[in-house]
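Subject: Structure for your review

Dear colleague,

Please find below the structure that I am handing over to you. My notes on what was found in it follow directly after.

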Amino acid sequence: MVAASRLERLLAALQRLPGVGARSAARMAYHLLQHDRDGALALAQALREAVEGVRHCASCHTLCEQEVCATCADPARDASQLCVVETPADQAALERTGTYRGRYFVLMGRLRPLDGLGPEASGVRALLQRLQTDAAVQELILATSFTAEGEATAHVLAQLGRSLGLRVTRLARGVPLGSELEFVDLGTIAHALADRRPT
């Protein structure tokens, strides 16, 4: 059996990234090797340093370099609100809005019952421990995605939060700002009608 060449190993490694197939991996690899070897070395070095130096926050499980991330360490954040998201990217998206001043918990995934990934496989157990030890939390804000798995995760978390006597809320669904109603999909319109609020 012949061992894979260095190029084949690079292509296989790039295909491990989400959304990167064989053709995209080949384009990236060939570009780096033909036109930007310095960039390739910088990428390799940055990736190595991140793998060695980035860890999970001891409080919210997001990715950071310290024991506790800057958001959890910020005393100005509202400790009574805990927003549960699936990934650090989701947390970053919420932070970019500049409107939420509470704390977070990052599940690092979502429930996928069809794949055999239940509460033990995601951060649900760690979230439960956090809720049982953090008396300041009064509201659990569910900001999971609106996919079937995200909805299943939100359902389980809502039951968990209510069993602990917490106020449980969910991100609203609706028509995107700036969109014309005739071009919005029917599911979004239906949810917007169901989740309507007084003006």
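**Salt bridges**

Glu-95 and Arg-77 form a salt bridge in which the closest N and O atoms are 2.7 Å apart. Because Glu-95 belongs to helix α5 and Arg-77 to the loop between α4 and β3, the pair ties together parts that are 18 residues apart in sequence. The term salt bridge stands for a side-chain nitrogen of Lys or Arg within 4 Å of a carboxyl oxygen of Asp or Glu. Helices (H or I, at least four residues) and strands (E, at least two) are DSSP runs, numbered from the N terminus.

Please note that this is a predicted model, in which local features need pLDDT of at least 70 and side-chain atom pairs count only at pLDDT 80 or more, while totals for chains, interfaces and linings use all residues. Residues are numbered from 1 along each chain as its sequence is written, and side-chain values use heavy atoms, with hydrogens and water left out.

Are the two partners buried or exposed, or partly exposed? Glu-95 counts as partly exposed at 27% relative accessibility, whereas Arg-77 counts as buried at 6%. Here buried means under 20% relative accessible area, exposed means over 50%, and partly exposed lies in between (1.4 Å probe, protein chains only).

The structure holds nine salt bridges. Side chains of opposite charge can pair when their charged atoms come close. Another of these pairs is Asp-74 with Arg-101, whose closest N and O atoms are 3.5 Å apart. Asp-74 lies in the loop between α4 and β3 (78-85) and Arg-101 in the loop between α5 (88-97) and β4 (102-106), so this pair joins parts 27 residues apart in sequence. Asp-74 is partly exposed, with a relative accessible area of 24%, and Arg-101 is partly exposed as well, at 41%.

A salt bridge also brings together the side chains of Glu-67 and Arg-55 (3.5 Å, N to O). The pair links distant parts of the chain, 12 residues apart: Glu-67 is in the loop between β2 (63-64) and α4 (70-73), and Arg-55 is in strand β1 (residues 55-56).

**The largest pocket**

Which helices supply the lining of the largest pocket? At least two lining residues come from each of α1 (6-14), α2 (22-35) and α3 (37-53), and α3 gives the largest share, four residues. The lining includes Leu-10, Met-28, Leu-33 and Ala-44. By class, it has 11 nonpolar, no polar and no charged residues; Ala, Val, Leu, Ile, Met, Phe, Trp, Tyr, Cys and Pro count as nonpolar, Asp, Glu, Lys and Arg as charged, and the others, Gly among them, as polar.

About 400 Å³ of space lies in this pocket. A pocket is an open set of points on a 1 Å grid over the protein atoms alone, where a 1.4 Å probe fits, with protein on both sides within 12 Å along at least five of seven lines; lining residues have an atom within 4 Å of a point. Grid points are joined across faces, edges and corners, and the volume is the space filled by probe spheres set on the points.

**Two backbone angles**

His-61, in the loop between β1 and β2, has a positive phi near 75 degrees, although it is not a glycine. Met-108 likewise has a positive phi, of about 65 degrees, and is not a glycine.

Yours sincerely
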